[in-house]
Amino acid sequence: MSQEKDKYSQIYKELAELIGDNATVKIWKNYQGLNISFPKKLYSNEYVRKFISENIGKKSIREIAKEVGLSERRVRQIAKEL
């Protein structure tokens with residue numbers, strides 16, 4: 001498919017700019033007609049706990065919190081639980 005900027009409607013135009021034409025068409029083919037919302041939480045609880053335990057001495061609380069999308073306070077709470 002060509003890279004014409006006005007080829008897609010608004011949301012698909014944004015997706016194509018972000019992830020490319022091929023991925024945009026794949027998403028459209030699989031999910032056309034559906035309303036999709038993306039939860040704020042990206043990572044599973046298990047992954048977050050593992051990430052914190054592996055990085056607690058290597059990175060700052062601030063860095064960890066930013067990477068997993070939690071508050072610094074919550075990162076400290078989880079670290080204490082571990």
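Residues are classed here as nonpolar (Ala, Val, Leu, Ile, Met, Phe, Trp, Tyr, Cys and Pro), charged (Asp, Glu, Lys and Arg) or polar (the others, Gly among them). The model is predicted, so local features need pLDDT of at least 70 and side-chain atom pairs count only at pLDDT 80 or more, while totals for chains, interfaces and linings use all residues. Numbering starts from 1 along each chain as its sequence is written, and side-chain values use heavy atoms, without hydrogens and water.

Pockets were examined first. A pocket is an open set of points on a 1 Å grid over the protein atoms alone, with protein on both sides within 12 Å along at least five of seven lines; a cavity is a set where a 1.4 Å probe fits but cannot get out, and lining residues have an atom within 4 Å of a point. Grid points are joined across faces, edges and corners, and a volume is the space filled by probe spheres set on the points.

The largest pocket holds about 340 Å³ of space. Its lining consists of Ile-11, Tyr-12, Leu-15, Ile-27, Trp-28, Tyr-31, Gln-32, Gly-33, Leu-34, Ile-36 and Phe-38. Nine of these residues are nonpolar, two are polar and none is charged. Helices H1 (10–19) and H2 (21–31) each supply at least two lining residues. Helices (H or I, at least four residues) and strands (E, at least two) are DSSP runs, numbered from the N terminus.

H1 and H2 also pack against each other. Their axes come within 7 Å and cross at roughly 135°. Axes are lines fitted to C-alpha atoms, for helices over the stretch in contact, and angles run from 0 to 180 degrees between N-to-C directions. H1 and H2 are therefore oblique to each other. Angles under 35 degrees count as roughly parallel, over 145 as roughly antiparallel, 65 to 115 as roughly perpendicular and the rest as oblique. Tyr-12, Leu-15, Ala-16 and Ile-19 of H1 make the contact with Asp-21, Ala-23, Thr-24, Ile-27 and Trp-28 of H2. Contact means heavy atoms within 4.5 Å. Seven of the contact residues are nonpolar, one is polar and one is charged.

The second largest pocket holds about 220 Å³ of space. It is lined by Lys-40, Lys-41, Leu-42, Tyr-43, Asn-45, Val-48, Arg-49, Val-68, Gly-69, Leu-70, Arg-74 and Ile-78. Here the lining has six nonpolar, two polar and four charged residues. The largest share, three residues, comes from H3.

H3 packs against H5 as well. The axes of H3 and H5 come within 10 Å and cross at roughly 80°. H3 is therefore roughly perpendicular to H5. Val-48, Arg-49 and Ile-52 of H3 meet Arg-74, Val-75, Ile-78, Ala-79 and Glu-81 of H5. This contact has five nonpolar, three charged and no polar residues.

A further partner of H3 is helix H4 (residues 61–68). The axes of H3 and H4 lie 11 Å apart, at an angle of about 155°. The two helices are therefore roughly antiparallel to each other. On the H3 side, Val-48, Phe-51, Ile-52 and Asn-55 take part; on the H4 side, Ile-64, Glu-67 and Val-68. Five of these residues are nonpolar, one is polar and one is charged.
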